[in-house]
Every structure is written in C-alpha cells, then in structure tokens.
Amino acid sequence: MGLSAFSKHLPIQEGQPWEMKTPADIISTVEFNHTGELLATGDKGGRVVIFQREPESKNAPHSQGEYDVYSTFQSHEPEFDYLKSLEIEEKINKIKWLPQQNAAHSLLSTNDKTIKLWKITERDKRPEGYNLKDEEGKLKDLSTVTSLQVPVLKPMDLMVEVSPRRIFANGHTYHINSISVNSDCETYMSADDLRINLWHLAITDRSFNIVDIKPANMEDLTEVITASEFHPHHCNLFVYSSSKGSLRLCDMRAAALCDKHSKLFEEPEDPSNRSFFSEIISSVSDVKFSHSGRYMLTRDYLTVKVWDLNMEARPIETYQVHDYLRSKLCSLYENDCIFDKFECAWNGSDSVIMTGAYNNFFRMFDRNTKRDVTLEASRESSKPRAVLKPRRVCVGGKRRRDDISVDSLDFTKKILHTAWHPAENIIAIAATNNLYIFQDKVNSEMH
C-alpha cells in the first residue's frame, strides 16, 4: 500500500511554534463524518477542531482537495463535583457525527460525564433594509418611517456558527468511554465502566439503562466495560467489549435490560502463553463493526482480531501488531504503557484494517493478500507529497540499514487514535498534539 503525505495540521493557535506541547493540546479522539468531507478532532483541553476538505481545484481536477480548519470551539470546560469532591476534566473522550438531515451538520461530543449535541451551520448572507430597524439593529422612531421597503439578503463573508443544541448530563456514575449513534438516527448509547445507557436525541432529562454489570458488592467486580458500538444496519443490535477480552452481542428486542447477551465471543486462552500480564494484555481497548455489519474488529494490547458474527468460538483472523514487545511487558507494566488504549479502524471496503503502535508507528493489514506494513507519522514523512517508507523493527541479530531496534523505540510517542475516510484511502493519524493526514499516492480508489 503506497501512502503519501496529504496534509498536516496542528490544532494549536496560530503563531505558536511547532514544538509547543501542552497537555491541553494532546489529541484525544479523531472522527470522519459519514461523507468524509469533514474531520473532527477533540483534545485534552476540551476543544473540538473541525477540518473541511477543500474542493478539487479547476487547474488540477484529479488532485484531491486538502483538509483545512473549518471551525474550532470549546466543547467542555473543567468542572467540580462537590458531592463527591471530584474534578471532572474537560478532555474530549469521543466524538460521533450524526447522519446529515439538512444543510447543517451535527455531532455528539463527550467528556467523562456529560454528552453534548452540537449543531454546525454556515451563514454567507445577511438581511438588509429593515423597515423598523436601523443598520445597527436599533428600533427606529416610527414617526420617521415614511415608506416601506422589501428587505433583501446581501452576500457576506462565510461564517461558521456552532451552537449547543442539547446537553445530556447526570446519566453516568463512572467515566464514559464510548458513545455510538444508532442506525435509526433517533437514539444513541453511552457506555461507562459498568453501565450502558440508551438516549433519545431529543430528550435530555432521562435515559434508559440497557446494560448494568455492577455487582451488589463491588468487591466481587471482576471485569469492566471497555467499549461499545451499535450495529451499522440493525438498530436492535449492539456489542460491548470487556477488560477480560470478551465481546457480548446484545439484542434489544429480547429484553429491556440486556444483561443477558445473545452471543458471547471469547477466545480460549492458550495455557502455554499464560503469564502475570495475560489478563491485562487481553483487555479489549476498541471494537468496531465492519461497514457490511458482518464482522467485528477488536484491538487488545498486542493484536487486532477480526470476528465473524456467526462464529463465537474464536476470531477468524488475528494480526500481531507489535509482538516484539512480548518480552518487554515487565518494563511496560512499570511505566504504565501496558494500560494504553489503542483504537482500530476499517477501510471503506472492509478489506484493510489499521491500528496504532509506539514510536509514532501505525500498522496496516490487508485481509485479502495477508500483507502488512509498518509506517511512521513524523515531521519528515509529513512534507507534502512525500511518500511514506515502510519501517521495520529489529529484535536481534542482523539489522538492515533502516531498521530500528526494539530497545530504541520511544514509548512516549504513541498513536492511540486513528480514523479512515468512509469511502477513500485517506487516513487521519493523531500523534500527541499533531494530526497527520495521508492519502493513497496512486489514486483514491479502494483496494
């Protein structure tokens, strides 16, 4: 797979130098909308930055338009829960776009506790020629109005307005880890460590609890919910993953409370690989339905797996992301990297999967050819039209010229958040406070 640098943006204020890194600038989520024309990022400072794809230029009709900043707004502010004496940080955990119903765009953004629905609209005309108001908008003295005129719309510079439409609060006791919009376009769900709630997009003061795994005695707690997602076509089906490495497919037609799953997807553990870290590295950090709805993609610490909805016993495909780290688990446990939550993504035709790794590396696996590649998101590779060169990690023995030793990997540079354009070979990679956008260098058709 040939990828070239497409564009690179930093969601930090103009005039700030490249190297400036504050914790607030670290990107915490990346999401394309349903057409791929818009790309939203959320950061630890509670900001949402939306990028829009520029139209193709007339001079080069086959060249792809680049993504430029479309709008930036503050979604969440830091709060304090006085009852529990807890600080609620402003970090954006997840962003989900709603299918577009009219000229406006809508998205959901959430921090640990509160979900907000935002409406994004454009305005490029303004009314002029009011009868009862002057140019500044003040009411005229009626005695001065001697004739009536028809107000007209005059062109103006494009303004992008972002307004909060709904605030869904007080639905979660624990930290929200995922939100997912239903295919009925009327409801969505939000999941925390122990519960999943179903919300109606028009109702903010109540939600329905559809999964509750909290035990009567918290000392009996053995697993937590790590991610959840609705099926892309069947509005009654959803899946949630657990810290024990299992997936539970639930059907809302069966019961109001889906504590009893319809299907349990779990791979039996190989006793020969059993170690102190087995349970930690088997925890599923992300689950994504394929666009077709037939498969599920999961990411744990060392692997990505593809599951067939019709086969619960084991995954149909398992890909090693960075198996060379298996011997380093002890030091990764000591520096807390073993708890990093990597996301995964499908391409538009479900034939290629992508996930992040350390040292600003990201991995791609072609399901048809079984080929895989390691690429790097870096300042050198992000120059316009620069072609990404495959990277290789060397564990021991002979090293090739461009190989990198496993001992020299930088574990502070990690790609946790990735997104793939829904129809084209364009990917967005979040590397700390930098957003990299790459595209297929040959063409924009799918594999």
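**Note on the predicted model**

1. The side chain of Glu223 makes a polar contact with the side chain of Ser242, at 2.8 Å. A second polar contact joins the side chains of Glu223 and Arg248, at 3.1 Å. (A polar contact is a pair of N or O atoms within 3.5 Å; within protein, one must be able to donate a hydrogen and the other to accept it, and residues adjacent in sequence count only if both atoms are side-chain atoms.)

2. This is a predicted model: local features need pLDDT of at least 70, side-chain atom pairs count only at pLDDT 80 or more, and totals for chains, interfaces and linings use all residues. Residues are numbered from 1 along each chain as its sequence is written, and side-chain values use heavy atoms, with hydrogens and water left out.

3. Glu223 sits in the loop between strand 15 (208–212) and strand 16 (225–230). (Strands are DSSP runs of E, at least two residues, and helices are runs of H or I, at least four, numbered from the N terminus.) Glu223 counts as buried because its relative accessibility is 16%. (Buried means under 20% relative accessible area, exposed over 50%, partly exposed in between, with a 1.4 Å probe and protein chains only.)

4. Leu139 lies in another setting: the loop between strand 10 (115–128) and strand 11 (152–168). Its relative accessibility is 69%, so Leu139 counts as exposed.

5. Overall, the protein has two helices and 32 strands. Of its 447 residues, 48% are buried. The C-alpha trace spans about 95 × 60 × 40 Å along its principal axes.
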